[in-house]
Amino acid sequence: MSNSKLLEVSIDNNKYNIEYKRNMWTGKEILVINGEEIQLPKKSFRAFTGIDVPVVLGNDKCRFVSIGSKIDIAYNGKYLISGNKYTGLKSISWWCWIFITLCLAIPVISLGGALPAVIAVMGVMGCTRINVGDKSTILKVTLCFLVTVMCWITFLLLLSILS
């Protein structure tokens, strides 16, 4: 099962057709620029944090960026599709790893199970997506704290229902 997204951008009066393909089962990612395939390197947590890789369009150096369901090309400090200012993706902060660990503790404490694992993965996804955003650090820490608390509340409610 493949997920494909298309872009058409113009740089210096040259048009480029860009297609981003991601196989949902294997995780293989391919970028096709005017029919030429470029295999994207694998990176841990990319599905959660997004993609920000250099590409060359004609003679110009650009960045292909994919965050969530949105894709864009950054050129000269600006996204060509959205028009927003380009800010590169950030790596996962040290404080975010604390929240990730707290979320991942849910299936460990429950000794496994599909529902605790789903709760944990949703918490990890939420925290990593919040972390790479462009909001203030205090707001991101607060939101990650709330996501983690909601995961634990959901887990405890699940325990009380099942016992």
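K15 is exposed, with a relative accessible area of 61% (exposed is over 50%, buried under 20%, and partly exposed in between, with a 1.4 Å probe and protein chains only). The model is predicted: local features need pLDDT of at least 70, side-chain atom pairs count only at pLDDT 80 or more, and totals for chains, interfaces and linings use all residues. Residues are numbered from 1 along each chain as its sequence is written, and side-chain values use heavy atoms, with hydrogens and water left out.

The side chain of K15 meets that of E8 in a salt bridge, N to O at 3.8 Å (a side-chain nitrogen of Lys or Arg within 4 Å of a carboxyl oxygen of Asp or Glu). By this rule there are two salt bridges. E8 is exposed as well, at 52%.

The other pair is R63 and D52, with an N to O distance of 2.8 Å. Strands (E, at least two residues) and helices (H or I, at least four) are DSSP runs, numbered from the N terminus. R63 is partly exposed, whereas D52 is buried.

D12 sits between strand 1 (2–11) and strand 2 (14–23). N34 sits between strand 3 (29–33) and strand 4 (36–39).

The table gives relative accessibility for residues of these features.

| Residue | Relative accessible area | Class |
|---|---|---|
| R63 | 27% | partly exposed |
| D52 | 18% | buried |
| D12 | 52% | exposed |
| N34 | 45% | partly exposed |

Helix 3 (residues 114–131) packs against helix 4 (residues 137–162) at an angle of about 170 degrees, with the axes 9 Å apart. The two helices are therefore roughly antiparallel (an angle over 145 degrees). Residues of helix 3 in the contact (heavy atoms within 4.5 Å) include L115, I119 and C127, and those of helix 4 include L143, V147, C151 and F155. The residues of this contact divide into eleven nonpolar, four polar and one charged. Here Ala, Val, Leu, Ile, Met, Phe, Trp, Tyr, Cys and Pro count as nonpolar, Asp, Glu, Lys and Arg as charged, and the others, Gly among them, as polar.

Note on methods: Axes fitted to C-alpha atoms, helices over the stretch in contact; angles between N-to-C directions. Parallel < 35°, antiparallel > 145°, perpendicular 65-115°, else oblique.
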